[in-house]
Amino acid sequence: MIVILKNNPDKAQLTSLLSWLKEKNIDVHESVGISHTILGLVGDTASLDANLISALDIVEDVKRVQEPYKHANRKFHPKPTVIKVRDTQIGGGTLTLMAGPCSVESEEQIVEIAKRVKAAGANILRGGAFKPRTSPYAFQGMGTNGIELLKIAREETGLPIVTEIMDAEQLDYFKDVDIIQVGARNMQNFNMLKKLGRQEKPVLLKRGLSATYEEWLMSAEYIMSGGNHNVILCERGIRTFETYTRNTLDLGAIPVLRRLTHLPIIIDPSHAAGKAWLVPQTAPAAVAAGADGLIIEVHNNPAYAVCDGPQSIKPEVFDKLAAHLQALHEFMKSHPAPEIN
């Protein structure tokens, strides 16, 4: 349920309304705008009398929300969410570039790549420490040693780090990580999502291999219902009948999610394409469609990468791509696409 208050509502009446809702075990998310204040009510709102609430002098309108996700719903939070990570901002009109190797392999490798992507304009360093692999015999990552190497790269460059968690029991290892990534295979690991909701670090939530928009947003809701509203959505391609690319990149997710939710939207062209040459071709399309950022795999020697070398671009390619993406972002800001309501 959404309660839209009149401009400059009487404080005493508002306090009385909030106290009454609290007695009903209703959580209230308050969003203050220029002319209106919106109260998003989360809980067993079916028992609330909408007519009784709308009769209050301070209330302009009361609407029931049909969607099962509440905290992630744009109706509850009309303004786009901006997430701050150290000196970096995700959302709010900026273009955030996350770049780095699929997997951390050595100190020399991760530090060199971190320096290269930062020089090109990357804002955040990505790198896998724990790796989910289809085959149990494939390289599974360096684990906690990989996280320590990411921290060294952060000290060398100042770039915040994002890396993937595989299990809720690993959470203690991520206390010095800036953004915790939840991979596609764990998008509906609800036990882990609940625990991530009880801590404050931003969570980069990747879309499941065949997840609908609503299922994806409900996974975000699991995190947000625990109190952590620092959720970033990441489209990384979905599984379709097409086999030429690793996955099918759903760019339509950007405008759809922009309408449904206030959360920032990141695109992963590397995992969607599965081929390095496609990354510079698809990444600009994501910017043109309005993405808040991209996460791109960059490796200094893709042919010898221990993981996902075929989809990783070289640093010199990222140099040109990053400049192109930033220029396109600035152009799109001054030449936005027409909107149809």
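Helices (H or I, at least four residues) and strands (E, at least two) are DSSP runs, numbered from the N terminus. On this basis the protein chain has 10 helices and 14 strands. The model is predicted, so that local features need pLDDT of at least 70 and side-chain atom pairs count only at pLDDT 80 or more, while totals for chains, interfaces and linings use all residues. Residues are numbered from 1 along each chain as its sequence is written, and side-chain values use heavy atoms, with hydrogens and water left out.

Eight strands form a closed barrel with parallel pairing, in the order β7-β8-β9-β10-β11-β12-β13-β14; two strands pair if DSSP finds at least two bridges between them. Neighbouring strands of this sheet are turned on average by 30° against each other, direction ignored. Helix α10 (residues 315–334) packs on the sheet and touches β7 (96–100) and β14 (293–297), contact being heavy atoms within 4.5 Å. The direction of helix α10 makes about 170° with that of β7; axes are lines fitted to C-alpha atoms, for helices over the stretch in contact, and angles run from 0 to 180 degrees between N-to-C directions.

For the chain as a whole, the C-alpha atoms fill a box of roughly 70 × 45 × 40 Å along the principal axes. Of the 341 residues, 51% count as buried, that is, under 20% relative accessible area (1.4 Å probe, protein chains only). Among contacts between residues at least 6 apart in sequence, 70% join residues at least 24 apart.

Note on methods. Buried means under 20% relative accessible area, exposed over 50%, partly exposed in between (1.4 Å probe, protein chains only).
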